[in-house]
Amino acid sequence: MNITKIFAGLLCIGYMACHTPQATSTSGTTGNTETVKKDQYQCPMKCEGTKTYDTIGTCPKCKMDLVKLKK
Ligand SMILES: [Zn+2]
């Protein structure tokens with residue numbers, strides 16, 4: 001019989017059980033990303049005047065990449 005080995009194993013399981021919930025609780029902050037204000041994008045040549053887009057992409061007229069507007 002090796003009591004110390006069994007005891008060490010139980011101690012290890014107890015350690016894991018105590019610390020795993022703490023690790024998962026910290027990941028709950030990831031839901032805050034949806035509250036971030038949407039970025040606005042605009043054609044660098046302003047083909048469509050001051051028209052802005054809320055997603056990055058390309059200008060439908062000059063096909064240039066839209067640039068992010070500074071707040
Ligand atoms: Zn354009």
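Colleague: Why does C43 count as buried?

Modeller: This is a predicted model, and in it C43 has a relative accessibility of 4%. Buried means under 20%, so C43 counts as buried.

Colleague: What makes C43, C47, C59 and C62 the donors of the zinc ion?

Modeller: Their SG atoms lie 2.2 to 2.4 Å from the zinc ion. Along the chain, the donors follow the spacing C-x3-C-x11-C-x2-C. C43 and C62 both lie in the loop between β1 and β2, so this pair ties together parts that are 19 residues apart in sequence.

Colleague: Why is the site of the zinc ion called tetrahedral?

Modeller: The angles among its four donor atoms are 103 to 119°. Four donors count as tetrahedral if all angles lie between 85 and 135 degrees, so the site of the zinc ion is tetrahedral. For four tetrahedral donors, the ideal angle is 109.5 degrees.

Colleague: Is C62 buried, exposed or partly exposed, and why?

Modeller: C62 has a relative accessible area of 29%. Partly exposed is the class between buried, under 20%, and exposed, over 50%, so C62 is partly exposed. C59, in contrast, has a relative accessible area of 1% and is therefore buried.

Colleague: Where is C59, and which residues is it in contact with?

Modeller: C59 sits in the loop between β1 (41-42) and β2 (67-68). Leaving aside neighbours within four places in sequence, C59 is in contact with C43, C47, M64 and L66. C59 and C43 are 16 residues apart in sequence, with 5.7 Å between their C-alpha atoms.

Colleague: Why does K63 count as exposed?

Modeller: The relative accessibility of K63 is 58%. Exposed means over 50%, so K63 counts as exposed.

Colleague: How do you know that Q42 is buried?

Modeller: Q42, in strand β1, has a relative accessible area of 6%. The limit for buried is under 20%, so Q42 is buried. Not counting residues up to four places away in sequence, Q42 touches several residues, among them T50, L66 and V67. A polar atom of the Q42 side chain also lies 3.4 Å from the backbone oxygen of G49.

Key:
Residues are numbered from 1 along each chain as its sequence is written. This is a predicted model: local features need pLDDT of at least 70, side-chain atom pairs count only at pLDDT 80 or more; totals for chains, interfaces and linings use all residues. Side-chain values use heavy atoms; hydrogens and water are left out. Helices (H or I, at least four residues) and strands (E, at least two) are DSSP runs, numbered from the N terminus. Buried means under 20% relative accessible area, exposed over 50%, partly exposed in between (1.4 Å probe, protein chains only). Contact means heavy atoms within 4.5 Å. A polar contact is a pair of N or O atoms within 3.5 Å; within protein, one must be able to donate a hydrogen and the other to accept it, and residues adjacent in sequence count only if both atoms are side-chain atoms. Donors are N, O and S atoms within 2.8 Å of the metal (3.2 Å for Na, K and Ca); water is not among the atoms, so sites may look incomplete. Four donors count as tetrahedral if all angles lie between 85 and 135 degrees; four count as square planar and six as octahedral if opposite donors are over 155 degrees apart and all others between 65 and 115; anything else is irregular.
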